[in-house]
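Please look at the chain shown below and follow its strands and helices from one end to the other. The questions after it are meant to be worked through slowly, with the structure in view.

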Amino acid sequence: MKKLNIFVAIQNFNWEEINLVQSLKDMGHSITWWDWKADGYWQYAQDWEGVKKKEMNELLINKVSKAHAEKKLDLFFSYLSDPVVYPETVSEITSFVSTLNFGCNDVHTFERGHIKTAPFFSLNWTTNKAAISNYNFVHAKVIQTPFGVNSQFYLVDSRNLPKLSFDVSFIGQPYGYRLLFLTYLINAKLGFSISGKVTYKRLIRTVLESRLNIGFCGLGDSEFSNKAMKQLRLRDFEVTAIGGLYLTEREPFITELFEEDKEMLFYSSPEELADKAVFYSRFKNRKERISIARAGQERCLNNYTWEKMFTKVFKKVGVI
């Protein structure tokens, strides 16, 4: 693949550097990365709208222009939203380099997050099929792919695996219907681990210590039955890439990526969640558990890496 000179404008909250920035570096591209939060620009600051947003946008244009003057850029790649960047800023950058903006929470936050700026990017990249219509509505160019994984980061040394400590684990925030569903696991008397925000080191260890890992697709405080308020999660791919057995909601956008009961497990009710958690955590069913987890890992590392996703998107934007 052609090696590109890319300016990357992405804040690192938790997963962005490892998955997006580092993956580009691992692919051999030349990267100039600006994390504006690390430089003190924060969209929730009291003086953001009045002072800091304008200052940050001016600095962004200056940094991209300088990088382009020093060595012609092939691409401007960002993870930006309307509260952070002005349409005029995107338009100015797009006037001299192809621009690509990533979005993964754009199903139901599009109007407050992307509706103003999306039309000014050369291409918008979403992980959600349901978001495509949002971009089409404002005549913005869009491409959809699943999430990827950084295959180098998620490699696990099979010679140094921790002992199994939990029947089931869940890593995430306990909002919406999640607590109710987790109660079913507790009532089933399963040994469990429930964690909020954790480091990647802790995430990997928890997955490896668990016989089964639980996932949810719902957004915010929506009801479980609300199909419109569901989307793919990076966790769907992280757990699978590490080699964990994953049990998540039976939704078309995930069942089309992994084969049910052969590469991943799915549920459509709290009762089915609990029944499968009990079944696959039992020692006598360990062969089935291991077989599905290994097949899911193989599928993920062969089909859903950031390298494959970037290659597809770069072809669409026309830089390779």
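Q: Which handedness, right or left, does the β-α-β unit made by β1, α1 and β2 have?
A: In this predicted model, β1 and β2 run parallel and are joined by 5 bridges, with N5 standing opposite S30 in β2. Helix α1, residues 16-26, packs on the sheet and touches β1, β2, β3 and β4. Together β1, α1 and β2 form a β-α-β unit that is right-handed.

Q: In what order do the 6 strands stand in the open sheet?
A: Strands of a sheet pair through backbone hydrogen bonds, in either a parallel or an antiparallel way. Here the pairing is parallel, and the edge strands, each of which pairs on one side only, are β2 (30-34) and β6 (142-144). From one strand to the next the twist averages 20°. Read across the open sheet, the order is β2-β1-β3-β4-β5-β6.

Q: Which residue of β4 does S78 stand opposite?
A: Strand β3 covers residues 75-78 and strand β4 covers residues 99-103, and the two pair in the parallel sense over 3 bridges. Within β4, the residue opposite S78 is N101.

Q: At about what angle does helix α2 run to β1?
A: Two helices can be considered here, and the direction of α1 makes about 150° with that of β2. Helix α2, residues 48-70, lies across β1, β2 and β3. Its angle to β1 is about 170°.

Note on methods
Residues are numbered from 1 along each chain as its sequence is written. This is a predicted model: local features need pLDDT of at least 70, side-chain atom pairs count only at pLDDT 80 or more; totals for chains, interfaces and linings use all residues. Side-chain values use heavy atoms; hydrogens and water are left out. Two strands pair if DSSP finds at least two bridges between them. Helices (H or I, at least four residues) and strands (E, at least two) are DSSP runs, numbered from the N terminus. Axes are lines fitted to C-alpha atoms, for helices over the stretch in contact, and angles run from 0 to 180 degrees between N-to-C directions. Contact means heavy atoms within 4.5 Å. A crossover is right-handed if, with the strands pointing away from the viewer, the path from the first strand over the helix to the second runs clockwise.
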